[in-house]
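We will go stop by stop.

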Amino acid sequence: MNFNKEDFINQIRTAGIVGAGGAGFPAYIKAKSNAEIVILNAAECEPLIKKDQVLFDLYPEEVLDGMRVLMKSVGADKGIIGIKRKHEKLVEKLEKLTNNTDISVFKLGDFYPAGDEFCLVYETTKRVIPPGKIPLDVGCVVNNVETVYNIYLSSKNPVVEKFITVAGCVKKPSTFKLPIGTSYKEAIELCGGFTIKNHVAIDGGPMMGKVVTDFDTPISKTSSAIIVLPENHPLIKKKNQTIAQFLRIGKSACDQCSYCTEFCPRYMLGHPIQPHKAMRSLLFNQSAAKIHEEYSLLCSECSLCSLYSCPEGLNPKEVCVKSKSNLRELKINYKNSSLSSIANDVHPLREYRKVPVKKLIRKLGLCDYDNPAPYMDFDYTPQKVKILLLQHIGVPSRPVVKKGDVVKKGDIIGKTEENELGVPVHSSIDGSVSEVNAKYIEITG
Ligand code: SF4
Ligand code: SF4
């Protein structure tokens with residue numbers, strides 16, 4: 001059958017596909033581009049999350065089909081699967097399926113953040129994405145496993161389900177798919193419930209995820225994991241630090257050892273980011289601080305400096321986040337900063353400074369929770385779902401239904417205009433609309 005790029009782009013936009021690895025960038029934008037290589041991000045480098053490896057193991061041929069159609073769309077003659085060597089059986093399966101084809105398997109080491117697009121592109125192609133640029137600037141398009149699986153499904157089904165891992169303090173840590181809009185509470189109940197009383201959850205991976213205390217939070221297109229932990233776990237305490245706390249402690253305790261910089265994955269790729277200099281900004285007033293704050297502009301917020309590198313337990317990542325926000329107010333971005341002409345070579349010690357995930361898990365105090373979370377076919381339909389209107393980067397969807405309307409699973413219930421960055425949202429169950437507000441549409445089955 002003839003491939004029509006425009007039809008394909010409309011198809012994946014209408015299906016509501018966004019980056020399922022957590023970023024939520026609408027997939028149709030990447031599919032519109034032209035690139036030499038499509039890289040499948042199967043690195044899944046955040047500790048405790050298993051959903052991509054589980055999905056890939058269940059549907060390898062479907063994911064490869066999705067990858068091939070994406071390669072057609074962007075005109076790529078090469079596809080690379082970036083997956084960790086440690087998933088031996090899956091790697092073997094993929095090598096057999098891709099033998100003598102235009103797709104190859106690249107085996108990654110078990111380090112964090114192997115799935116960061118900049119690291120992944122460098123690992124798999126040896127191309128360095130220049131500071132302030134994107135993978136497309138070096139001829140690559142990167143997509144997560146589940147995003148590509150959704151692309152495969154898009155000719156028949158819109159995005160109404162999500163694969164997630166539920167781990168930590170639950171009776172049966174598991175990986176499974178659920179209708180989008182199901183509550184965290186129900187997901188945890190499917191895993192046998194909590195094993196402790198005073199619990200909170202991390203929405204996503206332990207490194208980049210946010211602390212959640214409201215278990216009515218609905219699962220969205222970008223949910224990847226629910227990690228339940230005691231509310232007094234050191235990782236939770238660190239993540240809950242207030243701005244005033246980390247600024248005050250950072251100002252008095254940072255000894256400028258620069259470990260945060262020396263392990264920073266983006267610094268190791270030659271980018272002008274130096275979190276220890278951003279820490280230095282805490283000692284100066286606003287105009288003098290600006291020069292030091294600029295060293296935060298290219299921070300990817302991977303949290304390695306705050307949760308692994310700093311021997312003092314300080315929070316350089318949050319200082320970078322705050323510095324970037326201060327600079328935004330002054331309308332300073334990387335392109336108009338004093339660092340915009342700096343690009344160094346890849347650090348000669350990069351290979352030796354990669355942080356092994358096992359070591360990271362120890363440092364995070366998560367060894368007790370580093371357990372298998374096998375696939376479970378719960379086939380669960382909730383009685384009620386809350387479909388968030390903003391589950392992607394861009395403009396929120398606007399409701400196209402009203403209270404009392406009857407909807408079917410897969411019906412569009414909110415959408416954006418053609419000329420806006422965004423995708424529609426769909427009902428994930430059959431039922432009727434029981435609430436519409438600025439944040440979500442509730443469907444009761
Ligand atoms: S690693 Fe910690 S103490 Fe050392 S420079 Fe960075 S923030 Fe300061
Ligand atoms: S969070 Fe820290 S380690 Fe990660 S990119 Fe930012 S400065 Fe570098």
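Start with ligand 1. Select the 14 residues that surround it. The closest are Cys 254, Cys 257, Ser 258, Cys 260 and Cys 310. A residue is near a molecule or strand if one of its heavy atoms lies within 4 Å of it. Helix 11 (259–262) and helix 13 (275–280) are the elements that give two or more residues to this shell. Helices are DSSP runs of H or I with at least four residues, strands are runs of E with at least two, and both are numbered from the N terminus. Now color the shell by class: nine residues are nonpolar, three polar and two charged. Here Ala, Val, Leu, Ile, Met, Phe, Trp, Tyr, Cys and Pro count as nonpolar, Asp, Glu, Lys and Arg as charged, and the others, Gly among them, as polar.

A word on the model before you move on. It is predicted: local features need pLDDT of at least 70, side-chain atom pairs count only at pLDDT 80 or more, and totals for chains, interfaces and linings use all residues. Residues are numbered from 1 along each chain as its sequence is written, chains are lettered from A and ligands numbered from 1 in the order in which they are written, and side-chain values use heavy atoms, leaving out hydrogens and water.

Next, select Gln 256. This residue sits in the loop between helix 10 (243–253) and helix 11. Buried means under 20% relative accessible area, exposed over 50%, and partly exposed in between, using a 1.4 Å probe and protein chains only.

Go to ligand 2. Its surrounding residues include Cys 264, Cys 299, Cys 302, Ser 303, Cys 305 and Lys 317. By class, this shell has eight nonpolar, two polar and two charged residues. Zoom in on Ser 303, in the loop between helix 14 (286–293) and helix 15 (304–309). Ser 303 also has a positive phi, near 75°. At 4% relative accessibility, Ser 303 counts as buried.

Now show helix 4 (residues 60–74). Its 15 residues should span 21 Å at 1.5 Å a residue, and the end C-alpha atoms are 21 Å apart, which agrees. The expected span is 1.5 Å times one less than the number of residues. Among its buried residues are Val 63, Leu 64, Met 67, Leu 70 and Met 71. An α-helix has 3.6 residues a turn, so residues three or four places apart point the same way. Just after helix 4, Gly 75 takes a positive phi of about 75°.

Select strand 2 (residues 78–84) and strand 3 (residues 103–108). They run parallel, joined by six bridges. Two strands pair if DSSP finds at least two bridges between them. Lys 84 stands opposite Leu 108.

Move to Tyr 112 and Pro 113. A cis peptide bond joins them, with omega about 0°. Pro 113 lies in the loop between strand 4 (111–112) and helix 6 (117–125).

Last stop: an open sheet of three strands, in the order 13-15-16, with antiparallel pairing. Strand 13 (398–399) and strand 16 (425–426) are the edges, as each pairs on one side only. Two bridges join strand 13 to strand 15 (residues 412–415). Find Arg 398, which stands opposite Lys 415 in strand 15.
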